[in-house]
Amino acid sequence: MNIAPSPVDKQQTYGDSVFPYAFVCSESDATLAAATDWVGEHRDEILGLANQHGAVLLRDFPVENAEGFDAIIQSLRLENFPYKKSLSNAVRINRTERVFSANEAPPEVRIYFHHEMAQTPLFPKWIMFSCEIAAQQGGATPICRSDVLWERLAAECPEFAQACELKGLTYSNVMPNDDDAKSGMGRSWRSTLGVADREGAEARLRELNYSWEWLEGESLRATTPPLPAVMDLGNGRKSFFNQMIAAYCGWKDPSNDPSGAIRHADGSPLDGDAVRRAAQLAEELAFDLEWQVGDVVILDNTVAMHARSPFVGTRKVVASLAEMNTHSFTVTV
């Protein structure tokens, strides 16, 4: 296989790392079998580079559909994190056991920067994407180095940064009685919690240490236990690991008001100006993944956050999660 590291347009440089790190296949008659073999042979290198640089892009590989993407993922030999076992609120459709559609929200809906499932006690170490059909216009997946964002935010808003580290966060959202694909967070409480009835929902929430309230129309407001806002990555690196930007800027539908979706875990409100500055920094640091059909991207979910730009036309991006982790937080002030 003629595959080598290659620069890509608008690639970013931070010290001795680039974002994203890219491998480009220049073999015109490459087969999927050969590509999966190559990925399997270079598995440790690819994952190490994703951790160091935040993201690895595989471009011009012979990946045509969800099944081909699934084969590439399997060659990485990572433990599957089935979407049905997550606590995410996005509506998604499974294509294979490991591969599902990206957020099914309408094309005009912008999905703001976030770390996948950082707003729940369960999160994936890895999130991977692939493009089946690129949008006619727009539809990029912006990605952002969260460790770089944290350094900038801590320098500009030190009091807020300290509050995030010491006080953590809680998230609250309303889950509908039935899936609502028109909302970016419209997954029902039955689907989200993997239960059939109210009794099962309450048992699952109790197990997760959530608090809850049943609302009109059999919708359910659930509030997380304290969760961290910052993750220590080791070797002096920290990331702004949370869903603060997405919750504050984008958790809005007929049932949810962003202003009440997130607070510090001691009950105190967030500094709105600082949150807006974090969102601005994420946009300033963003690298827009302008999708090409067959692209595969491996993100270290603890290092890089991602978003979705609005689009025109048909867009099919699929995703996969791997290595379920848990996290919790104890308020120290």
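Before the first click, a word on labels: helices and strands here are DSSP runs, a helix having at least four residues and a strand at least two, and they are numbered from the N terminus. By that count, Glu 323 sits in strand S21, which covers residues 316–326. We'll come back to Glu 323 at the end. Keep in mind that this is a predicted model.

**Whole chain first**

Show the protein chain as a cartoon and you get nine helices and 21 strands. Its radius of gyration is 19 Å, close to the 20 Å that the globule rule gives for 333 residues, so the chain is as compact as a globular protein of that length. Along the principal axes, the C-alpha trace spans about 55 × 45 × 35 Å.

The accessible area comes to about 14100 Å², and carbon and sulfur atoms own 46% of that. Of the 333 residues, 58% are buried. If you draw contacts with a separation of 6 or more, 79% of them come from residues 24 or more positions apart.

**Salt bridges**

How many salt bridges does a search of the whole structure find? The tally is 18. Let's visit a few.

Select Arg 95 and Glu 132: their side chains meet in a salt bridge, 2.7 Å from N to O. Arg 95 lies in the loop between helix H3 (66–75) and strand S6 (100–101), while Glu 132 belongs to strand S8 (residues 122–133), so the pair ties together parts that are 37 residues apart in sequence. Check the surface at both ends: Arg 95 is partly exposed at 38% relative accessible area, whereas Glu 132 is buried at 13%.

Move on to Arg 110 and Glu 283, another salt bridge, where the closest N and O atoms are 2.6 Å apart. This one links distant parts of the chain: Arg 110 is in the loop between S6 and strand S7 (111–114), Glu 283 is in helix H9 (residues 272–285), and 173 residues separate them. Arg 110 is partly exposed, with a relative accessible area of 37%, and Glu 283 is partly exposed too, at 39%.

Then pick Glu 165 and Lys 238, whose closest N and O atoms are 2.9 Å apart in their salt bridge.

While the charged side chains are up, select Arg 152, Glu 156, Arg 277 and Glu 284 together. Salt bridges with shared partners join these four into one network.

Centre on Gln 12 in strand S2 (residues 12–14). Is Gln 12 buried or exposed? At 14% relative accessibility, Gln 12 counts as buried. Neighbours within four places in sequence aside, Gln 12 is in contact with Ser 17, Val 18, Phe 19, Leu 285, Ala 286 and Phe 287.

Slide along to Phe 19 and look at the bond into Pro 20: that peptide bond is cis, with omega near -5°. Pro 20 itself is in the loop between strand S3 (17–19) and S4.

Go on to Ala 30, in the loop between strand S4 (21–25) and H1. Ala 30 counts as buried at 15% relative accessibility. Apart from neighbours within four places in sequence, its contacts are Met 1, Cys 25 and Pro 62. Draw a distance from Ala 30 to Leu 47: 17 residues apart along the chain, their C-alpha atoms are separated by 22 Å.

Helix H1 (residues 32–41) holds Glu 41, which counts as exposed at 64% relative accessibility. From Glu 41 to Ile 143, C-alpha to C-alpha, you get 27 Å.

Most residues other than glycine have a negative phi, and most peptide bonds are trans. Select Asn 209, then: not a glycine, yet its phi is positive at about 70°. Asn 209 lies in the loop between helix H7 (198–208) and strand S12 (211–214) and is exposed, with a relative accessible area of 55%.

Finish on Glu 323, back in strand S21. Glu 323 also has a positive phi, about 60°, without being a glycine, and is partly exposed at 27% relative accessible area.

How values were computed. Residues numbered from 1 in each chain as written. Predicted model: local features only at pLDDT ≥ 70, side-chain atom pairs only at ≥ 80, totals over all residues. Heavy atoms only, no water. Rg over C-alpha atoms; globule rule 2.2 N^0.38 Å. Buried < 20%, exposed > 50% of the residue type's maximum accessible area, 1.4 Å probe, protein only. Contact = heavy atoms within 4.5 Å. Areas by Shrake-Rupley, 256 points an atom, 1.4 Å probe, with all protein chains shown as cover.
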